[in-house]
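Hello,

Here is the structure I said I would pass on. Please look it over, then read my notes below.

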Amino acid sequence: MPATTSTTKPEFPWWLAAALVLALAAALAIASSDLYAQVFATVAKGIGITIFVTAVAFALASALGLGIALMALSGSQWLRQVARFYVEIIRGVPILVLLFWIAFAGAPAFVAAWNALTAPLQGAGLMGELLVRDVSLLWRAIMALTIGYSAFISEVFRAGIQSVEKGQIEAAKALGLSRAQRFRLIVFPQAIRMILPPLGNDFVAMVKDSSLVSVLGVADITQIGKVYAAGSFRFFETYSIVAYIYLILTVGLSLALRALEQRLRRQHRE
């Protein structure tokens, strides 16, 4: 008898259907209630800051994480040890603690070091003294998220780069390609397929962790919701709207990233 191949029918995403029903019900409640509409209009003012913080911090963390990953894979033992030290130390500190440390200890230390380095220029009147208040809390929060996530992202890059078969790298060496050319033309295009899914998960996680910047008074979704709830005593309505907005952002991003991952898999099979 000829061999038969069984194909598994894709499972219907009932969870997504339920989530869409809940999202639609929430949207109707917001549209039909003056109170919910007012809360939504107020809290939504923080969406721009949330997206800005997440996008900038993730871009910087990805660049820094790639650099740390390349150090971890370098031929120098000292660079590998420095990269491992950075990753283990940063991953061991909670993001919230790192946020406080960067904001209230790291920023003043940076300002003091900057003023010490530029003292001759300041003395000559070529530039003014940098003050701690000149470093905004928004950028302190961005730098904290950048440093915190770069350690996790570096491990994603490292694992993805190491997943490329060594035989292809050796073949590229035999063709006379330089180390930079091998990475740009051979290694990275193949590694990106392994890197994108966990990198996307880190991006979604950063959207949620960006709410931590509210402890510094940065006017993101959470901070605006906290201020509104404290002034109106509408805690249930306000935090329900805050949760609703974050769910729209994170679930939407997760679905988009999943579609991108499936598309890359299909292209790889073809």
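Is Phe 100 buried, partly exposed or exposed? Phe 100 is partly exposed, at a relative accessible area of 35%. Please keep in mind that this is a predicted model.

First, the overall picture. The protein has eleven helices and zero strands. Read from the N terminus, its elements run α-α-α-α-α-α-α-α-α-α-α. The radius of gyration is 24 Å, well over the 18 Å that the globule rule gives for 270 residues, so the protein is more spread out than a compact globule. Along the principal axes, the C-alpha trace spans about 75 × 70 × 30 Å.

Of the 270 residues, 31% are buried. The protein exposes about 16,300 Å². Carbon and sulfur atoms supply 67% of that area. Take the contacts between residues at least 6 apart in sequence: 76% of them join residues at least 24 apart.

Now the annotation. UniProt, in an unreviewed entry, places the feature "transmembrane region" at residues 47-73, 93-117 and 241-260. I checked two of these spans against the model. Residues 93-117 are 92% helix and 0% strand. The end C-alpha atoms of that span are 29 Å apart. Residues 241-260 are 100% helix and 0% strand. Here the end C-alpha atoms lie 29 Å apart.

On to the aromatic rings. How many aromatic pairs does a search of the whole structure find? The search finds seven. One of them joins Phe 100 and Phe 104, and this pair is stacked. The ring centres are 6.2 Å apart, with 20 degrees between the planes. Why are Phe 100 and Phe 104 separated by about one helical turn? Because they are four residues apart in helix H5, which covers residues 95-117. Phe 104 is exposed, with a relative accessible area of 52%; the cut-off for exposed is over 50%. Phe 100, at 35%, is partly exposed.

A second pair is formed by Phe 233 and Phe 235. Their ring centres are 6.3 Å apart and their planes stand at 70 degrees. The cut-off for edge-to-face is over 60 degrees, so this pair is edge-to-face. Phe 235 is partly exposed, with a relative accessible area of 41%.

Where is Phe 233 found? Phe 233 sits in the loop between helix H10 (221-232) and helix H11 (235-269). Its relative accessibility is 64%, so Phe 233 counts as exposed. Its phi is near 60 degrees, a positive value in a residue other than glycine. Most residues other than glycine have a negative phi.

Last, Ala 256. This residue lies in helix H11. At 47% relative accessibility, Ala 256 counts as partly exposed. How far apart in space are Ala 256 and Gly 231? They are 37 Å apart, C-alpha to C-alpha, and 25 residues apart in sequence.

Over to you. When you open the model, please start with the loop that holds Phe 233, between helix H10 and helix H11. Then turn to the stacked pair of Phe 100 and Phe 104.

Best wishes

Methods
Residues numbered from 1 in each chain as written. Predicted model: local features only at pLDDT ≥ 70, side-chain atom pairs only at ≥ 80, totals over all residues. Heavy atoms only, no water. Helix = DSSP H or I, 4+ residues; strand = E, 2+ residues; numbered from the N terminus. Buried < 20%, exposed > 50% of the residue type's maximum accessible area, 1.4 Å probe, protein only. Phe/Tyr/Trp six-rings, centres within 6.5 Å; stacked < 30°, edge-to-face > 60°. UniProt positions renumbered as here; feature names shortened; annotations may be inferred. Rg over C-alpha atoms; globule rule 2.2 N^0.38 Å. Contact = heavy atoms within 4.5 Å. Areas by Shrake-Rupley, 256 points an atom, 1.4 Å probe, with all protein chains shown as cover.
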